[in-house]
Amino acid sequence: MKTSSVAMMSALGASTTIFTAPQALAQVDVWQLLDQIEIEEVITETTYEVKKSLPAEIDKGLNDVQITGYAVPMIPGEMVQELLLVSDMGLCPLCGSGDHGATLQVTLADPIPGFDASRKITLRGDVQAVRDPETWQAAVMTGAKAVAFD
């Protein structure tokens with residue numbers, strides 16, 4: 001039985017595309033996603049509720065993403081394991097103003113000794129939604145590892 005070269009090339013071409021490895025996914029801009037979160041505080045005489053509108057990516061959870069920013073230890077000490085991350089030093093979440101940019105609470109997989117809050121830090125970890133209706137916190141990063149310090 002004779003097979004035409006066009007048929008053979010078509011068959012090989014089809015099998016090649018099936019077994020081609022997928023291209024690497026583009027890195028997610030976590031800050032952009034965090035900025036899209038909308039919060040509505042609902043207060044009545046007897047109830048308090050925080051309604052959160054989350055981007056689908058955060059709602060489903062983000063695994064193994066990278067984010068860079070400035071961090072403030074949540075509990076000061078020699079070994080830092082809980083951080084509050086902001087994209088820019090001028091965006092102070094602790095200064096009492098509600099006009100700051102997005103923040104992200106981070107739990108490190110391993111504590112960082114001698115943490116320097118004046119330098120940028122790049123972290124890699126998983127981001128999950130916070131669904132608690134009594135807090136404004138909408139997302140956290142867990143299991144984070146320090147990738148770089150600038």
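Me: Which strand does Lys51 lie in?
Reply: Lys51 is part of strand E2. One thing to keep in mind from the start is that this is a predicted model.

Me: Why is Lys51 called partly exposed?
Reply: Its relative accessible area is 40%.

Me: What joins E1 to E2?
Reply: A hairpin does, through 4 residues. Thr47 lies in the loop between these two strands.

Me: Is Thr47 buried, partly exposed or exposed, and why?
Reply: Thr47 has a relative accessibility of 43%. Buried would need a value under 20% and exposed a value over 50%, so Thr47 counts as partly exposed.

Me: What makes the link between Thr47 and Thr44 a polar contact?
Reply: The side chains of Thr47 and Thr44 make this contact at 2.5 Å.

Me: Why is Thr122 called buried?
Reply: Thr122, which lies in strand E6 (residues 120-129), has a relative accessible area of 7%. Buried means under 20%, so Thr122 is buried.

Me: Which residues does Thr122 touch?
Reply: Not counting residues up to four places away in sequence, they are Gln66, Ile67, Thr68, Lys145, Ala146, Val147 and Ala148. With Thr68 there is also a polar contact between the side chains, at 2.7 Å.

Me: How do you know that E3 and E6 pair?
Reply: They are joined by 7 bridges and run antiparallel. At least two bridges are required, so E3 and E6 are a pair. Gln66 has Arg124 as its bridge partner in E6.

Me: Which strands close into the barrel?
Reply: The barrel has 5 strands in the order E3-E4-E5-E7-E6, with mixed pairing. From one strand to the next, the twist averages 50°.

Me: What makes up the largest nonpolar core?
Reply: This core has 27 residues, and those with the most contacts inside it are Leu34, Ile67, Leu85, Val106, Leu123 and Met141. At least two of its residues come from each of helix H2 (30-35), strand E3 (62-73), strand E4 (79-86), strand E5 (103-113), E6 and strand E7 (139-149). Leaving aside neighbours within four places in sequence, Met141 is in contact with residues including Val65, Ile67, Leu104, Val106, Leu123 and Val127.

Me: What stands out about Asp64?
Reply: Asp64 has a positive phi of about 55° although it is not a glycine. Asp64 is found in strand E3.

Me: Why does Asp64 count as partly exposed?
Reply: The relative accessibility of Asp64 is 47%. Exposed would need over 50% and buried under 20%, so Asp64 is partly exposed.

Me: How many helices and strands does the protein chain have?
Reply: The chain has 3 helices and 7 strands. Starting at the N terminus, the elements run α-α-β-β-α-β-β-β-β-β.

Me: How much of the protein chain is buried?
Reply: Buried residues make up 25% of the 150 residues. The accessible surface of the chain comes to about 9,900 Å², and 54% of that belongs to carbon and sulfur atoms.

How values were computed. Residues numbered from 1 in each chain as written. Predicted model: local features only at pLDDT ≥ 70, side-chain atom pairs only at ≥ 80, totals over all residues. Heavy atoms only, no water. Buried < 20%, exposed > 50% of the residue type's maximum accessible area, 1.4 Å probe, protein only. Polar contact = N/O pair within 3.5 Å; in protein donor to acceptor, adjacent residues only side chain to side chain. Contact = heavy atoms within 4.5 Å. Core = buried A, V, L, I, M, F, W, Y, C linked by side-chain atoms within 4.5 Å. Axes fitted to C-alpha atoms, helices over the stretch in contact; angles between N-to-C directions. Areas by Shrake-Rupley, 256 points an atom, 1.4 Å probe, with all protein chains shown as cover.
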